Structure formats: structure tokens, C-alpha cells
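Reader: Could you walk me through this model before I set anything up with it? I would like to begin with the ligand and then go on to the fold.

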Amino acid sequence: MEQERVKCLIIGSGPAGYTAAIYAGRANLQPVLYTGMVFGGQLTITTEVENFPGYPQGVAGPALMEDLRAQAAKFGADIRFGTVSAVDFSSAPQLPLHRVIIDDEKEIVADAVIIATGATAKYLNIPSEKAFAGMGVSACATCDGFFYKGKDVAVVGGGDTACEEATYLSGLCNKVYLIVRKNFLRASEIMQDKVMNTKNIEVLFEHNTKEIYGDQGGVCGVKLWYKKGTPEEQERDIAVHGFFLAIGHTPNTEVFKKYIHTDEVGYIVTQGKGTQTNVAGVFAAGDVMDPDYRQGITAAASGCKAAIDAERYLTNRL
Ligand SMILES: Cc1cc2nc3c(=O)[nH]c(=O)nc-3n(C[C@H](O)[C@H](O)[C@H](O)COP(=O)(O)OP(=O)(O)OC[C@H]3O[C@@H](n4cnc5c(N)ncnc54)[C@H](O)[C@@H]3O)c2cc1C
């Protein structure tokens, strides 16, 4: 297998990966970045981004990511198309050299590695969800809630995230339906209380989403089943313009799990305020280590931290 030695390897081409590449490039770490399958990360699948600082008129997600890519390339980042298929982070702690396999065909041996592989939102897997993605269907209330100001929307999910998203949207929207599969909420008591005591949130217990419908302008409503599969089963239709999924995320950490500590969901656990993982010289940045914020700007900020942490680690090691 072809082998290459690099000082700083960055895995992922979202805001965290590209920002790490900008800082690592300017610190002369000669970063090599592998993009993965989603070239530019999650923001490339959204249209308008209005909350990334520096763009007062807003910016299209793909254009924002192209700006970040160009800025990273300007400072010497070697950006390559490829996906990490395996890793070996078991080298001796005295001289850690991290082995990373790209597409089962090339081995990179790196002094420092920054993992910025993101977290993928879970979907219900109904066809209409894809058809209206970005046209009323969203997996991020903080990102897209503003577009539904004064309108009626639905949130699907019964945990803390769903309750948080519903509460957030209740401050912006006219009415929020919370669609819950069970006859109870899994959220913490404090979040449940908040939801149950917010006048413009209506909780629809024992409801399942059947289909999202709409027209060229986007989502117009959702067809629901009440008590699906029981003698009391009924169909219900709610008129909404936004449909927010809040049923969880899957951090993209499967390939690292043998060596890198994760929490029970799969998010990488880092030390203190920094980005150091349990393996010396391996750092994590962005949504892959952040179950709480998951925003472009927070991912970019942690990419910055990871590059600074990597630079300090490499300097102290010499
Ligand atoms: C529809 C949508 C709209 C959004 N809108 C906004 C918004 O308006 N404002 C905002 O701030 N945030 C928004 N977000 C959230 C924002 O996109 C994320 O918080 C941010 O992209 C996270 O950045 P990241 O770099 O951590 O990961 P990602 O952007 O998820 O990037 C992960 C990268 O890792 C790569 N990767 C994964 N596995 C591998 C592997 N094995 N090998 C190599 N590479 C790999 C992927 O190809 C990808 O390039 C939105 C998210 C979605 C889904």
C-alpha cells in the first residue's frame, strides 16, 4: 500500500475542517485535508445561511464553503478528495505516529490528526422528507426557524432536543405542533414543563408522520396517523409551513471508535476546554464533538482551537 508521511492531517471539509486548515496552514504545519464524501460539509446542502458572521446579506451555503476552501488553499492546505476507511492510533505514546487509511488504498502516517467529520441528522426516511429538504423540511431550528417567523410549524421528536427546538420555535412562530410517537415525552422534567406550559405549543401524543405535502413554494402541511395500528387509528392533517426533525444525530465516528473515547451517543469526548482526545496528538473539532451547539460558527471556532492545540502539541514534542 502506498504510504505518505504528513505533519498534520485533517479529516473533513466542513467549517471545522477548513478552519483548522486555515490556522494549520498559517502555522506552517503543511496540513493535508481529506474531504470525505460531502465536499464542503453539511452547509453545502442548505440554501441561505444568514447567521454566519461576516455576511450581512446572507450567503448561499455552497458559496460560504467555497470561500472557506479557497482561504484554506491560499495558506497552503493540500485539499484532497478521499474518505478515511480505517485508522490505527495504537502507536507508542512516546512517539505517537497515527496511521490513517484512505479509501482502503493509501496509508497516511501523521504526527497530528484533527478529526472534523461532523454529525448526521437522523431522518424519518419517508420520501416526501427528501422532496421538501430545504423547502420546509429542516433538521435545525436554530438555523432555519427564522424563515418561519409568524407561521405554523411542526417539530417531530419527544426528547430534550425536540422540546428545546419546539420552545425555540415558539418564540418565533405563530404555533408549534410537537409530534410525539409515544404517549409521553422522554425529555427532562424541566423541558417537559416548559413545553407543556407554553401556550402556542400543542403536543400531539401518539402521532406518527405519514407524509409531508406541499407545492413548488414548499411545505403546506403534514398528514399524521393517530394511534397507528390500533382500533382507534385515525388520520389527521395539520397545515404547517415548516417541518423540523429533532429525532437525534449520528456522529460520524464509527471508524475511530476502537481508539477514541466517545459518549453513549457516539460524540467524541475531548479534554477540558480544548480539543485533545484520549489519544495524544489526535484532536477533534466541530459537530463530531459537540452535541450542544452544532452550528457553522461553533464548528469553525473549534476547528481553530484544534489547529492551535495541534501546533502546541507538535512544538512541545520536538
Ligand atoms: C440543512 C442544514 C442547514 C443548516 N443551516 C445552518 C445555518 O444556517 N447556520 C449554521 O450555522 N449552521 C447550519 N447548519 C449546521 C451546520 O451545517 C453544522 O453545524 C456544521 O456544518 C458542522 O460543521 P463540521 O465541520 O463540524 O461538520 P460537517 O459540516 O458535517 O462536515 C463534516 C465533514 O466530514 C467529512 N467526513 C465524514 N466522514 C468522513 C470520513 N470517514 N473521512 C473523511 N471525511 C469524512 C464529510 O465529508 C464532511 O466534509 C445546518 C445544517 C443542516 C443539515
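This is a predicted model: local features need pLDDT of at least 70, side-chain atom pairs count only at pLDDT 80 or more; totals for chains, interfaces and linings use all residues.

Reader: Fine, so how many residues surround the ligand, and which are the closest?

Author: The ligand is surrounded by 29 residues, and the closest are Ser 13, Val 38, Gln 42, Asn 51 and Gly 296; a residue is near a molecule if one of its heavy atoms lies within 4 Å of it.

Reader: What is the make-up of that shell by class?

Author: It has eleven nonpolar, 16 polar and two charged residues, where Ala, Val, Leu, Ile, Met, Phe, Trp, Tyr, Cys and Pro count as nonpolar, Asp, Glu, Lys and Arg as charged, and the others, Gly among them, as polar.

Reader: And which atom of Gln 295 lies 3.2 Å from an oxygen atom of the ligand, side chain or backbone?

Author: For Gln 295 it is an N or O atom in the side chain. At Arg 294, by contrast, a polar backbone atom is 3.1 Å from a ligand oxygen, and at Pro 15 a backbone N or O atom lies 3.3 Å from an oxygen of the ligand; a polar contact here is a pair of N or O atoms within 3.5 Å.

Reader: How much of the ligand's accessible area does the protein cover?

Author: The ligand on its own has 1000 Å² of accessible area, of which the protein covers 93%, with areas from the Shrake-Rupley method and a 1.4 Å probe. Two or more residues of the shell come from each of α1 (15-26) and α7 (296-317); helices (H or I, at least four residues) and strands (E, at least two) are DSSP runs, numbered from the N terminus.

Reader: Switching to the sheet, what is the strand order?

Author: It is an open sheet of five strands in the order β10-β17-β11-β12-β13, with parallel pairing, and two strands pair if DSSP finds at least two bridges between them. The edge strands, each pairing on one side only, are β10 (137-138) and β13 (201-204).

Reader: How many bridges join β11 and β12?

Author: β11 and β12 pair over five bridges, with Ala 154 opposite Tyr 177 in β12. Between β12 (residues 175-179) and β13 there are four bridges, and Ile 179 has Leu 204 in β13 as its bridge partner. Four of the five residues of β11 (residues 152-156) are buried, meaning under 20% relative accessible area, with exposed over 50% and partly exposed in between (1.4 Å probe, protein chains only).

Reader: One last thing: why does Lys 227 count as buried?

Author: Lys 227 counts as buried because its relative accessibility is 18%. Its phi is near 50°, a positive value in a residue other than glycine, and Lys 227 sits in the loop between β15 (218-226) and β16 (234-238).

Key: Residues are numbered from 1 along each chain as its sequence is written. Side-chain values use heavy atoms; hydrogens and water are left out. A polar contact is a pair of N or O atoms within 3.5 Å; within protein, one must be able to donate a hydrogen and the other to accept it, and residues adjacent in sequence count only if both atoms are side-chain atoms.
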